[in-house]
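Hello,

Here is the structure for your files. My notes on its nonpolar residues follow below.

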Amino acid sequence: MVQVWWQAFIDGFVQGFARSHPLAVPPSELAWLLGIAAALCVVPFLWRFFGRFVTIVHELGHAFAGLATGMRVTGITLRLDQGGTTRGVGRGRAVWFGFWGYPSPAVVGAALAWASAAGWGRAALSVSLVLLVLVFLFIRNLAGVLILSGAILAVAVIVVAVPPDIQGHLTLAVGLALVLGAARDWWNVVMVHTARRRELGSSDAYNLARRTGVPSAVWLFTFAAVIALAGVASWAVLAGAVVTVGS
């Protein structure tokens, strides 16, 4: 029985890298997708889980930025309060490493939206599953193992158990939710700078300001600019998919 299940999993996973037809989204379905994305980021119970996935992408943004500039990532810590820390050493560009936290979920979300519209939504899920498994190499705490395991399980179920024609739509919904989640996290860090200043040590903008001398407000603005651009790109993708239906 286990062997049959495992073979079905492998077959579904391998097939998940294939391209499907470009996504066509009727206006009524667009409303549902936007509603699902908003619910993941607004409903407290759902955000309790999806917010941790946003944190994983946030920390991966730091990690990939560091690796791209020659740093050695020494560990990632994920906490149950939706916080996280990525540590790295080396001669990499520390400012670049520090910047790509809050904007990363929005950029990844826009990429998922584009992949879905182009017919690569299922493949994007499969690639995401591989990347999440590789992240285990960097996790340094038990809570992080539990959080990452939950994310891997959720993506794996979608890749293997959900019909292929639905996977692209789910990928699009997750992409939109990541953009909205990035905006929510950005607003949260703004509140840290204005109303909860005792938590400033957790802010990437504050740490960048200390390192560079550039005011935190400037870093918060640049975070917002990248998130907004990702939102505009995602909306353009949605508009294109809806037009396809009407043509």
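Which element gives the nonpolar patch its largest share of residues? Helix α6 does, with four residues. This is a predicted model: local features need pLDDT of at least 70, side-chain atom pairs count only at pLDDT 80 or more, and totals for chains, interfaces and linings use all residues. Residues are numbered from 1 along each chain as its sequence is written, and side-chain values use heavy atoms, without hydrogens or water.

The surface patch first. Nonpolar side chains are joined within 5 Å, like charges within 9 Å. Here the members are Phe64, Leu67, Val127, Val130, Leu131, Leu134 and Leu137. Helices here are DSSP runs of H or I, at least four residues; strands are E, at least two; both are numbered from the N terminus. Val130 lies in α6. Val130 is partly exposed, at 34% relative accessible area (buried is under 20%, exposed over 50%, partly exposed in between).

Now the interior. A nonpolar core joins buried Ala, Val, Leu, Ile, Met, Phe, Trp, Tyr and Cys through side-chain atoms within 4.5 Å. The largest has 43 residues, and Phe50, Ile56, Leu132 and Leu172 touch the most other members. Its largest share, eight residues, comes from α3. Another core, of 13 residues, lies apart from it and includes Trp100 and Trp219.

Best wishes

Technical notes. Buried < 20%, exposed > 50% of the residue type's maximum accessible area, 1.4 Å probe, protein only. Patch = residues over 30% accessible without salt bridge, like charges linked within 9 Å, V, L, I, M, F, W, Y side chains within 5 Å. Areas by Shrake-Rupley, 256 points an atom, 1.4 Å probe, with all protein chains shown as cover. Salt bridge = Lys/Arg side-chain N within 4 Å of Asp/Glu carboxyl O.
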